[in-house]
Amino acid sequence: MRSVAAHDQQSSTSSLRRSDSLTSTLRISDIIASIKRGDYDEGALGDKSGFREGGPFDEVNGLAGATSVVFAHDCPKRGPRAIRVPHGPIPEDDEWDRMELVSEKVRSYNSTSGVLPLVDFEVERDAIWTESNSTHVITMPWIEDGRTLLSVARDLADRSKISDLNSLALRLEEMGRQFHDSLFDHGDISGGNILVTSDGLHLIDPDTLLHDSIANPLVRERGHISFAHPCRSDSEWEDHLFRFPLEVLIVSVRALAWKPKLVDSYGDEDSLLFNHDDLSDPESSPLFEELCSSNDKALGTRARKLRSAALQKDVASANKVLGPFHTPKPLPSNPIEVPSLPDFEPPKKRSGPARRRASLPLRIPEGMGRGS
């Protein structure tokens with residue numbers, strides 16, 4: 001059982017130098033201590049008994065990521081929710097103001113039958129009180145049967161579920177078309193920020209969710225290094241940031257449908273197939289070489305376009321190479337098979353000669369996401 005908010009931990013984004021607007025800091029141990037003492041807004045977050053427990057000491061247990069720690073809470077009135085609390089340097093109120101505006105846009109979009117699979121979220125002000133300060137938090141639904149796209153795709157490849165992989169690729173293409181038709185953009189599309197359930201996809205991690213009508217925040221991260229364009233700007237939010245990483249996902253899933261055994265040679269627990277080296281030096285990438293020469297003509301053409309896009313010096317040029325998403329084939333009516341988490345085995349490490357990779361922040365093992 002995984003929280004929609006917890007999956008931003010798996011995206012392992014490449015953080016930039018913190019700006020001066022990030023002044024306060026908060027330790028995870030302080031957050032947990034405050035919850036155990038009951039030093040939080042119970043009206044906003046719920047009764048203390050609702051916090052799920054786990055870990056070696058069977059106590060309130062948060063999933064810690066690079067910028068937030070996430071707690072699961074069962075609320076009789078509001079159902080199971082994820083409570084996402086920032087730690088380390090804390091964004092100041094202007095960023096929380098922006099997040100509230102984005103939350104309103106998401107809620108309005110979803111209430112009018114918006115097709116983009118965005119997850120509702122709420123900003124709760126001054127919801128947890130520590131000895132040194134208070135902090136705002138984000139709450140969002142806890143999707144019990146959700147698994148990250150990264151783990152689902154690799155698991156399906158391990159079991160040679162070709163039909164499910166093709167269905168997954170079609171749903172990703174549909175997400176791309178929906179993005180093009182909406183006013184939203186997302187700065188951290190990755191295999192860990194998309195959840196898969198039997199009835200479809202769910203896009204999470206609201207930190208880098210953008211809307212055309214809302215001023216963008218300061219750039220504090222450049223997306224997951226195994227999905228984002230290698231020449232993405234570190235000073236401004238470019239247009240259609242979702243396009244390139246979503247194409248990386250689509251090519252990866254279609255490649256696994258073509259040859260499931262690729263899962264044994266490429267990718268790992270932080271990447272689906274491509275890693276930072278493949279994207280930053282595509283002409284030397286054995287993976288690109290294999291996919292571009294595929295006997296699946298459609299896959300080969302798409303892989304060559306992706307390789308050309310990765311060689312571009314900016315996101316706009318890369319997107320021009322890739323072109324817009326067009327209406328894909330009708331989505332399959334049969335649900336995607338999403339194995340339960342206890343049956344999942346961690347994906348194998350990439351075999352072959354070791355290649356230097358850019359460093360990633362600590363990733364929380366997926367098994368820690370199970371509810372008690």
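Leaving aside neighbours within four places in sequence, which residues is Ile28 in contact with?

**View 1**
Ile28 is in contact with Ala64, Val69 and His87, once neighbours within four places in sequence are set aside; contact here means heavy atoms within 4.5 Å. At 25% relative accessibility, Ile28 counts as partly exposed, because buried means under 20% relative accessible area, exposed over 50%, and partly exposed in between (1.4 Å probe, protein chains only). Its C-alpha atom is separated by 8.6 Å from that of Pro86, 58 residues apart along the chain.

**View 2. The whole chain, for orientation.**
This is a predicted model, where local features need pLDDT of at least 70, side-chain atom pairs count only at pLDDT 80 or more, and totals for chains, interfaces and linings use all residues. Residues are numbered from 1 along each chain as its sequence is written, and side-chain values use heavy atoms, with hydrogens and water left out. The secondary structure comes to ten helices and 16 strands, and of the 372 residues, 54% count as buried. Take the contacts between residues at least 6 apart in sequence: 71% of them join residues at least 24 apart. The chain averages a pLDDT of 84, and 83% of the residues score at least 70; pLDDT is the predictor's confidence in each residue, from 0 to 100. Go carefully with two stretches. Over residues 1-22 the pLDDT stays under 50, and the model has 97 contacts for them beyond four places in sequence. Residues 341-372 are also below 50, with 73 contacts in the model beyond near neighbours in sequence.

**View 3. Asp41 in the loop between helix H1 (28-37) and helix H2 (42-45).**
At 28% relative accessibility, Asp41 counts as partly exposed. Not counting residues up to four places away in sequence, Asp41 touches Gly46, Ala127 and Trp129. Asp126 sits 7.8 Å from Asp41, C-alpha to C-alpha, though the two are 85 residues apart in sequence.

**View 4. Ser103 in helix H3 (residues 93-111).**
Ser103 is buried, with a relative accessible area of 3%. Apart from neighbours within four places in sequence, Ser103 is in contact with Phe121 and Glu122.

**View 5. Helix H4 (residues 149-158) against helix H5 (residues 162-180).**
The two axes come within 9 Å and cross at roughly 150°; axes are lines fitted to C-alpha atoms, for helices over the stretch in contact, with angles running from 0 to 180 degrees between N-to-C directions. That makes H4 roughly antiparallel to H5, a label for angles over 145 degrees. Leu149, Ala153, Leu156 and Ala157 in H4 meet Asp164, Leu165, Leu168 and Leu172 in H5. By class, this contact has seven nonpolar, no polar and one charged residues; Ala, Val, Leu, Ile, Met, Phe, Trp, Tyr, Cys and Pro count as nonpolar, Asp, Glu, Lys and Arg as charged, and the others, Gly among them, as polar.

**View 6. The nonpolar cores.**
Of the 87 residues in the largest nonpolar core, Phe71 and Phe274 touch the most other members. Such a core is a set of buried Ala, Val, Leu, Ile, Met, Phe, Trp, Tyr and Cys residues joined through side-chain atoms within 4.5 Å. Helix H6 (residues 243-258) gives the largest share of this core, ten residues. Apart from it lies another core, of five residues, among them Leu210, Val219, Leu241 and Val315.

Definitions and conventions:
Helices (H or I, at least four residues) and strands (E, at least two) are DSSP runs, numbered from the N terminus. Angles under 35 degrees count as roughly parallel, over 145 as roughly antiparallel, 65 to 115 as roughly perpendicular and the rest as oblique.
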